[in-house]
Amino acid sequence: MKRLATVGDNCVDIYPQLGKAFSGGNAVNVAVYSTRYGMQPACVSWVGEDDYGTMLRRDLAQHGVDISHLRVMPGVTAQTQVELRNNDRILGDYTEGVMADFSVDEQELAWLQQFDIIHSAIWGHAESAFPALKAAGKILSFDFADKWESPLWRTLPEHLDYAFASANEENPWLRDRLQTIVQCGAGTAIATLGENGSLAWDGTQFWRMPPQQVEVVDTMGAGDSYIAGFLCAIASGLPLQDAMKQGTECAARTIGYHGAW
């Protein structure tokens, strides 16, 4: 199996209604979810020197994630306030903390050379490292979430093997957008559609995957777990449709409990 490293955002998801806080963030979540498939991932990121940073490092280590490059920086760990409405997670106030100044330095870039697949996301501040990682022959994945107007769409696709984003449903606009992303250089463009499954364009044809019907407790982490399941399938040499199926199954498992993991 190819090796996976995630780079960029982490945060602590705080649920006032539950009186609980959970470790999370795209890079963190994808790393943890990948361990479900036997992956031994690493996460490159920054946390603060507060109790939340200690919690996040502890939680990752307990789940088998390499935290040797999860640095503790002066300041506070990123935090997101989360409200549950009909079991759907609504993201509230966000405190970026030390992650506001995150970047991948030369030492970390060199360390990442041992991994085959590198994943980051829209809030990760890691995009400047992607040209060098692409030149080194790495398989690159990036999650744009629902930020369809981000300027990164103009600069990143040419460096990506897998470009992920989220939408509500399949429609002509979305199909055209996925095709455009691949025309701009991405290998495959994938949109997760919540209760409507997922849609991918590989430059030749569209691939569709329906959702798995389960009882929804909390949608937090659904998209990140889809990405993790998908990338682990790719790491094992499975074709696109099987990767979409494994991503769907991973997401269905995640939405059955509170918090990302």
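Q: What do buried, exposed and partly exposed mean here?
A: A residue is buried under 20% relative accessible area, exposed over 50%, and partly exposed in between. Please keep in mind that this is a predicted model.

Q: Which residues sit on the face of helix 2 turned away from its buried side?
A: Asp51, Thr54 and Gln62 are found there, and these residues are exposed. The buried residues of helix 2 are Gly53, Met55, Leu56, Asp59 and Leu60.

Q: Why can we say that the buried residues of helix 2 line one face?
A: Looking down the axis of helix 2, its buried residues fall within an arc of 160°, so they line one face of the helix. Their cover includes strand 2 (11–15), strand 3 (20–24), helix 1 (26–34), strand 4 (42–48) and strand 5.

Q: How do you know that the span of helix 2 agrees with its 12 residues?
A: Helix 2 covers residues 51–62, and at 1.5 Å a residue it should span 16 Å. The C-alpha atoms at its ends are 16 Å apart, which agrees. After helix 2 comes Gly64, with a positive phi near 85°.

Q: What makes Glu108 and Arg71 a salt bridge?
A: The cut-off is a side-chain nitrogen of Lys or Arg within 4 Å of a carboxyl oxygen of Asp or Glu. For Glu108 and Arg71 the closest N and O atoms are 3.4 Å apart, so the pair qualifies. This pair links distant parts of the chain, with Glu108 in helix 3 (residues 106–111) and Arg71 in strand 5, 37 residues apart.

Q: Why is Glu108 called buried?
A: Glu108 has 1% relative accessibility, and the cut-off for buried is under 20%, so Glu108 counts as buried.

Q: What makes Lys134 and Asp161 a tie between parts of the chain?
A: Their closest N and O atoms are 3.2 Å apart, so they form a salt bridge by the 4 Å cut-off. Lys134 lies in helix 4 (residues 130–135) and Asp161 in the loop between helix 5 (152–155) and strand 10, so the pair ties together parts that are 27 residues apart in sequence. With a relative accessible area of 29%, Lys134 is partly exposed.

Q: Why does the pair Asp146 and Lys147 count as a salt bridge?
A: The closest N and O atoms of Asp146 and Lys147 are 3.7 Å apart, which is within 4 Å, so the pair counts. Asp146 is partly exposed at 46% relative accessible area, and Lys147 is partly exposed at 38%. The whole structure has seven salt bridges.

Q: Why are strand 5 and strand 13 said to stand at the edges?
A: The open sheet has nine strands in the order 5-4-1-8-9-10-11-12-13, and the pairing is mixed. Strand 5 (70–73) and strand 13 (206–209) each have a single partner strand, so one side of each is left without a neighbour in the sheet. On average, neighbouring strands of this sheet are turned by 15° against each other, direction ignored.

Q: How do you know that strand 1 and strand 8 pair?
A: At least two bridges are needed for two strands to pair. Strand 1 and strand 8 have three, in the parallel sense, so they pair. Leu4 stands opposite Ile117 in strand 8. Strand 1 is also joined to strand 4 by three bridges, again running parallel, and here Thr6 stands opposite Cys43.

Q: Which way do the residues of strand 1 point?
A: Leu4 and Thr6 point one way, Ala5 and Val7 the other way, and all are buried. In a regular strand, side chains alternate between the two faces of the sheet.

Q: What packs on the sheet?
A: Strand 9 (residues 139–143) and strand 10 (residues 162–166) run parallel and share three bridges. Helix 7 (residues 222–235) packs on the sheet, and the strands it touches include strand 9 and strand 10. The direction of helix 7 makes about 160° with that of strand 10.

Q: Why is Ala145 called buried?
A: The relative accessible area of Ala145 is 12%, and buried means under 20%, so Ala145 is buried. Ala145 lies in the loop between strand 9 and helix 5 and has a positive phi of about 55° although it is not a glycine.

Definitions and conventions
Residues are numbered from 1 along each chain as its sequence is written. This is a predicted model: local features need pLDDT of at least 70, side-chain atom pairs count only at pLDDT 80 or more; totals for chains, interfaces and linings use all residues. Side-chain values use heavy atoms; hydrogens and water are left out. Helices (H or I, at least four residues) and strands (E, at least two) are DSSP runs, numbered from the N terminus. Axes are lines fitted to C-alpha atoms, for helices over the stretch in contact, and angles run from 0 to 180 degrees between N-to-C directions. Contact means heavy atoms within 4.5 Å. The expected span of a helix is 1.5 Å times one less than its number of residues. Buried means under 20% relative accessible area, exposed over 50%, partly exposed in between (1.4 Å probe, protein chains only). The arc is that of the directions from the helix axis to the C-beta atoms.
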